[in-house]
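Grab a pencil and open the viewer. Below are a few exercises, each with a worked solution to check yourself against.

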Amino acid sequence: MAILPIVTFNDPVLREKSTPVEADSEELQQLIDDMFDTMYNSKGVGLAAPQIGKPIQLFVIDADVMTQDDDDEEDLGPMVFINPVIISTEGEDLKMEEGCLSIPEVRDDVSRPFTINLIYKDRNFNQQKLKAEGWISRVIQHEYDHLQGVLFLDYLSAFRRRLHRSTLNKIKAGALETEYPIVPKLQVGKE
Ligand code: NI
C-alpha cells in the first residue's frame, strides 16, 4: 500500500496524451493498488495515471460514494480502465458540478453527454464494453479527459476561470494546504 502524491494542474504531465498500456506486469498491478489507495485517501471518486505523474492510458474509479442514496444508479464498485476508448455518446448534455484532485478546492459546472459507450480492458486485461449513464458516465468522461491531456478547467469560460484565479495561483505556488499529498508540496520554511 502506498499513497502517491498527486500532481497539480500546472504540471506538464497533465497536458500529455497518454500512451497505451502494452502489457500486464507486477508493477502495473502494484500501480493500480497504489492508485486506489491514493484515491480513497484523498476522498476522490476517480484517479487517472497522469495525476500521479505517469502518462499511460489507465484510470480507476469508485463512484459508489456518490450513488449510495440514488437507487436509479447501478453500484459498480471499484473499476479499472486500461486503454479505454469512448466509441459513442448519447442523450443531451447535462450540466453538473465537478472537481479534480489535481485542482484542489476548485469546483465548477461542466456540460457532458449523459450516456457513453466505451470499450476498455479491465485489470485482468479482459476486453470489456460498458454503457455508462449519469454520474458514473461523468466520472469516466472526466478521467478519460485526463488521458487526452484535458482538464475540466478547459471547459470553463474565461470569466469562470478568472473567479478561480487566486486558488489556482496558490496551488501553483505550492501554498495551498490540502488533506492529501500534492506536488508541488507546501514549501515550508523554504526561502
Ligand atoms: Ni481530475
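**Exercise 1: the metal site**

How are the donor residues of the nickel ion spaced in sequence?

Solution. Keep in mind that we're working with a predicted model.

- Step 1: pick out the protein donors, which are C100 through SG, plus H142 and H146, each through NE2. They sit 2.1 to 2.2 Å from the nickel ion.
- Step 2: write the spacing down, and you get C-x41-H-x3-H.
- Step 3: check burial, for which the cut-off is under 20% relative accessible area. C100 comes in at 10%, so it is buried. H142 has 8% relative accessibility, so it counts as buried too.

**Exercise 2: the largest pocket**

Find which element gives the largest share of the lining of the largest pocket.

Solution. 

- Step 1: get the volume, about 570 Å³ for the largest pocket.
- Step 2: look at the lining, made up of 27 residues; K43, G44, C100, L101 and R107 are the closest to the pocket's centre.
- Step 3: ask which elements give two or more residues to this lining; they are β4 and α3.
- Step 4: the largest share is five residues, and it comes from α3.
- Step 5: link this back to Exercise 1.

**Exercise 3: helix α5**

Work out which residues of α5 are buried and how they are arranged around the axis.

Solution. 

- Step 1: list the buried residues of helix α5 (residues 165–172), namely T167, L168 and I171.
- Step 2: look down the axis. These residues cover an arc of only 100°, which puts them on the same side of α5.
- Step 3: see what lies over them; the cover includes α4 (158–163).
- Step 4: move on just past the helix, where G174 takes a positive phi of about 70°.

**Exercise 4: a loop threonine**

Is T8 buried or exposed, and what does its side chain reach?

Solution. 

- Step 1: locate T8 in the loop between β1 (6–7) and α1 (26–41).
- Step 2: read off its relative accessibility, 0%, so T8 counts as buried.
- Step 3: follow the side chain of T8 to the backbone oxygen of V183, at 2.9 Å.

Terms used:
Residues numbered from 1 in each chain as written. Predicted model: local features only at pLDDT ≥ 70, side-chain atom pairs only at ≥ 80, totals over all residues. Heavy atoms only, no water. Helix = DSSP H or I, 4+ residues; strand = E, 2+ residues; numbered from the N terminus. Buried < 20%, exposed > 50% of the residue type's maximum accessible area, 1.4 Å probe, protein only. Polar contact = N/O pair within 3.5 Å; in protein donor to acceptor, adjacent residues only side chain to side chain. Donors = N, O, S within 2.8 Å, 3.2 Å for Na, K, Ca; no water. Arc of directions from axis to C-beta. Contact = heavy atoms within 4.5 Å. 1 Å grid on protein atoms, 1.4 Å probe; cavity = no way out; pocket = protein on both sides within 12 Å on 5 of 7 lines; lining within 4 Å. Points joined across faces, edges and corners; volume = space filled by probe spheres on them.
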